[in-house]
Amino acid sequence: MPTKPVMAVFDSAVGAFMSPFVVPAVGAAMRGFADEVNKSGPDAGPVSQHPEDFELHELALFDEENGRFLQAENHPRLVSRGKDAVRRSE
C-alpha cells in the first residue's frame, strides 16, 4: 500500500493549521519548511519573520491506491519547530 504523508503548518499566533499538503516523504516537507523559515529579503513572509509561531506537523497518511486518508494514533505529529529550523549565520 503506497502512502504519502499529509502535512500542515500550525500557526500558534492564529491558533490554527494552514491548508494541508501531500509530500513524497516527511524529509521533503522538513526541507521545504526550513527553506521557508530561512527566506529573506522581498521573499520573506510570516514564517520567516516569526519562526517561533510556526510548527510543521504530519497529520495523516494518504493511500494513493484507494484515495483514503489513514489516521494513526500518533497523528497529528510534530515534525519541526520553526525556531529550530533557523539557520544560524556564521
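E64 is partly exposed, with a relative accessible area of 41%. Here, buried means under 20% relative accessible area, exposed means over 50%, and partly exposed lies in between (1.4 Å probe, protein chains only). The model is predicted: local features need pLDDT of at least 70, side-chain atom pairs count only at pLDDT 80 or more, and totals for chains, interfaces and linings use all residues. Residues are numbered from 1 along each chain as its sequence is written, and side-chain values use heavy atoms, with hydrogens and water left out.

What does the side chain of E64 meet in a salt bridge? Its partner is K4, at 3.1 Å from N to O. A salt bridge is a side-chain nitrogen of Lys or Arg within 4 Å of a carboxyl oxygen of Asp or Glu. E64 sits in the loop between β4 (54-63) and β5 (69-70), and K4 in strand β1 (residues 3-11), so the pair ties together parts 60 residues apart in sequence. Strands (E, at least two residues) and helices (H or I, at least four) are DSSP runs, numbered from the N terminus. K4 is partly exposed, at 27% relative accessibility.

Now look at strand β4. E55 pairs with R81 in a salt bridge, with the closest N and O atoms 4.0 Å apart. R81 belongs to strand β6 (residues 77-81) and E55 to strand β4, so this pair ties together parts 26 residues apart in sequence. R81 is partly exposed at 36%, and E55 is partly exposed at 22%.

E58 and R77 form another salt bridge, with a closest N to O distance of 2.6 Å. E58 is in β4 and R77 in β6, so parts 19 residues apart in sequence are tied together. E58 is buried at 6%, whereas R77 is partly exposed at 30%. Across the whole structure, a search finds five salt bridges.
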